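Student: I would like to learn how to read this model feature by feature. Where do we start?

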Amino acid sequence: MEDTIFQLFIVGILWGGTNPFLKAATNKVKRNKGLNFISEVTDHLTNWNYLVPFIINQCGSLLFYFTLKYSDISLAVPIANGVSFVSTSIVGTLIGEEKPKFRTMMGILFLLFGIFCLVIDKET
């Protein structure tokens, strides 16, 4: 049980830690005025600032997929998504995005408390 919870935390960190980098990389891509799907895909596949975080993010998705085999989905989804939100906020702040407001910080504390309650409840 502890192994799957640890893996779900890793999934959340991989997902959330890459989100700010993906956002920053997509903001730098030159947009064509027309809908040129092939051009945008090519831009993303040749942009290392986008491709590396994307691959790491997808590794988190694979880990989540394999972790679901051994975990309860009512535990897996809240942990992975909650940790992802917290990681996105922390990494975004570290790379220079807007600092979280007080309400966001309170939400993060409540979220972490909720995850703690879920883990304690499943272990007993």
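Tutor: With what counts as a helix. A helix here is a DSSP run, H or I, of at least four residues, numbered from the N terminus. Take residues 102-120 as a case: the span is 100% helix and 0% strand. Its end C-alpha atoms lie 27 Å apart. Keep in mind that this is a predicted model.

Student: How many helices and how many strands are there in the protein?

Tutor: Five helices and zero strands. Read from the N terminus, the order is α-α-α-α-α. The C-alpha trace spans about 55 × 35 × 20 Å along its principal axes.

Student: How do I read confidence in a predicted model?

Tutor: Through pLDDT, the predictor's confidence in each residue, from 0 to 100. Where pLDDT is low, the predicted coordinates should not be read in detail. In this protein the mean pLDDT is 88. A value of 70 or more is reached by 94% of the residues.

Student: Which element has the lowest mean pLDDT, and which the highest?

Tutor: Helix H2, residues 37-46, is lowest at 77. Helix H3, residues 48-67, is highest at 94.

Student: What does the UniProt annotation "transmembrane region" cover?

Tutor: Treat an annotation as a record, and then compare it with the coordinates. Such annotations may be inferred rather than shown by experiment. The unreviewed UniProt entry places "transmembrane region" at residues 48-68, 75-96 and 102-120. Over residues 75-96, the model is 91% helix and 0% strand. The end C-alpha atoms of that span are 32 Å apart.

Student: How many disulfides does a search of the whole structure find?

Tutor: The test is a pair of cysteine sulfur atoms within 2.5 Å. The search finds zero disulfides. Look at accessibility for two cysteines. Cys59 is partly exposed because its relative accessibility is 42%. Cys117, at 36%, is also partly exposed.

Student: What is the volume of the largest pocket, and what lines it?

Tutor: Its volume is about 160 Å³. The lining includes Phe85, Thr88, Ser89, Gly92 and Thr93. Glu97, Glu98, Lys99, Pro100, Lys101 and Thr104 line the pocket too. Sort the lining by class: two nonpolar, five polar and four charged residues.

Student: Which helix gives the most to that lining?

Tutor: Helix H4, residues 73-94, with five residues. Thr93, one of the lining residues, is found in helix H4. Thr93 is partly exposed, because its relative accessible area is 26%. From Thr93 to Gly82 is 11 residues in sequence and 17 Å in space, C-alpha to C-alpha.

Technical notes: Residues numbered from 1 in each chain as written. Predicted model: local features only at pLDDT ≥ 70, side-chain atom pairs only at ≥ 80, totals over all residues. Heavy atoms only, no water. Helix = DSSP H or I, 4+ residues; strand = E, 2+ residues; numbered from the N terminus. 1 Å grid on protein atoms, 1.4 Å probe; cavity = no way out; pocket = protein on both sides within 12 Å on 5 of 7 lines; lining within 4 Å. Points joined across faces, edges and corners; volume = space filled by probe spheres on them. Nonpolar A, V, L, I, M, F, W, Y, C, P; charged D, E, K, R; others polar. Buried < 20%, exposed > 50% of the residue type's maximum accessible area, 1.4 Å probe, protein only.
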